[in-house]
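Please look over the sequence and the fold shown here before reading on. The report that follows takes up a pair of helices, a set of strands and an annotated span.

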Amino acid sequence: MSMETFHSTINNQLNTGVLILDLDLNIVFWNRFLEVHANQRAAEVIGRSVFEVFKELPRRWFERKVTGVVQLNTPSFCSWEQRHHLFELPHTRPITTDSHFMAQNCTFLPLAPDGVIQHICILVEDATDVCHYQSMLQKTLADLEQANRIDGLTQVYNRKHWEECLSKEFDRARRYQHDLSLIMFDLDHFKKLNDIHGHLCGDMVLVEVAKTIRPLLRSCDFFGRYGGEEFAIILPETNITGAADVAERIRQAIRLNVMKYQGVEIRASVSVGVGEFEPRTRRYEDLIGNADAALYEAKSGGRNRTCLFKDSVVCL
Ligand SMILES: Nc1nc2c(ncn2[C@@H]2O[C@H](COP(=O)(O)OP(=O)(O)OP(=O)(O)O)[C@@H](O)[C@H]2O)c(=O)[nH]1
């Protein structure tokens, strides 16, 4: 095989774009890969400025890149993670991707056969698959992270994530001496409801309760499921008076909400405990303990009521 056949075989088979430019950035070589992907024959582009053929090229960036390669006489790389693509070459994958264009890894090589750089070679590798699978992986990880924070039944935060939020909000309130309140509430006689109407009805009630309360909260509040039929809400920048208003609104909304399960009307009620951050509160667990003590009083005082923890427990 002659050297020329050898070169032309490689040129035709190579799965990488090879673009060679002179120092005025005119095209001097364009291989088969580029002919196929840019849909232009070498004869149509040779001698033309690269900016004329690829109008989308970021001119200043490209010129600076080439100048660096020439001055330092060293290769330079641009990955798809930095710039999705340099050249607008349509990708040919049968998959749906975020971009119409081929993601590219581009390597800039100085060519100096006799010691003086006269040309720059740009190797264009198709990175569409890597880019696609990487973004799918990132999306899956984000979905998993979200699922890890949410209670599957009620779609509010699960206890673990809710407690992490409380820990952060507590630290913030302590550092800046900001208001912070906590509401904990528990469905009344939920065991009886399960026993009479079945566990699925109980589940429906939990879902409905979460749905009813969500619109009563601010977007910066953190609503979580603390345990089976116990929920908890962190109210940043809210003192106990404000939190007591919210607590009463919650209690009344649940009382007034008549739900239906298999044609049967279901009524529920909640007992609510409210606590507030005070400068002497050292740990966020103490705040939970205070709200829980108020909730305990609300239960023992007859249920369907709100109690506040302020030095001692006061019921509304
Ligand atoms: N359907 C359903 N029931 C649950 C779930 N989690 C906990 N429970 C039930 O909730 C009931 C809670 O019962 P208790 O702790 O005795 O409380 P209660 O019956 O609400 O009584 P008070 O809180 O004193 O008013 C138990 O029977 C649990 O099995 C759940 O996800 N779905």
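How are α8 and α9 oriented to each other? In this predicted model, helix α8 covers residues 190-197 and helix α9 covers residues 199-213, and the two pack with their axes 6 Å apart at an angle of about 130°. Since angles over 145 degrees count as roughly antiparallel and 65 to 115 as roughly perpendicular, α8 and α9 are therefore oblique to each other. On the α8 side the contact is made by F190, L193, N194 and H197, which meet H199, C201, G202 and V205 of α9. Sorted by class, this contact between α8 and α9 holds four nonpolar and four polar residues, with no charged residues.

| Strand pair | Direction | Bridges | Residues opposite each other |
|---|---|---|---|
| β3 (residues 76-78) and β4 (residues 104-111) | antiparallel | three | F77 and T107 |
| β4 and β5 (residues 119-126) | antiparallel | eight | L109 and C121 |

In the model, the span of residues 178-311 is 43% helix and 28% strand, and its end C-alpha atoms lie 19 Å apart.

Key. Residues are numbered from 1 along each chain as its sequence is written. This is a predicted model: local features need pLDDT of at least 70, side-chain atom pairs count only at pLDDT 80 or more; totals for chains, interfaces and linings use all residues. Helices (H or I, at least four residues) and strands (E, at least two) are DSSP runs, numbered from the N terminus. Two strands pair if DSSP finds at least two bridges between them. Axes are lines fitted to C-alpha atoms, for helices over the stretch in contact, and angles run from 0 to 180 degrees between N-to-C directions. Angles under 35 degrees count as roughly parallel, over 145 as roughly antiparallel, 65 to 115 as roughly perpendicular and the rest as oblique. Two residues are in contact if their C-beta atoms, placed from the backbone, lie within 7 Å. Ala, Val, Leu, Ile, Met, Phe, Trp, Tyr, Cys and Pro count as nonpolar, Asp, Glu, Lys and Arg as charged, and the others, Gly among them, as polar.
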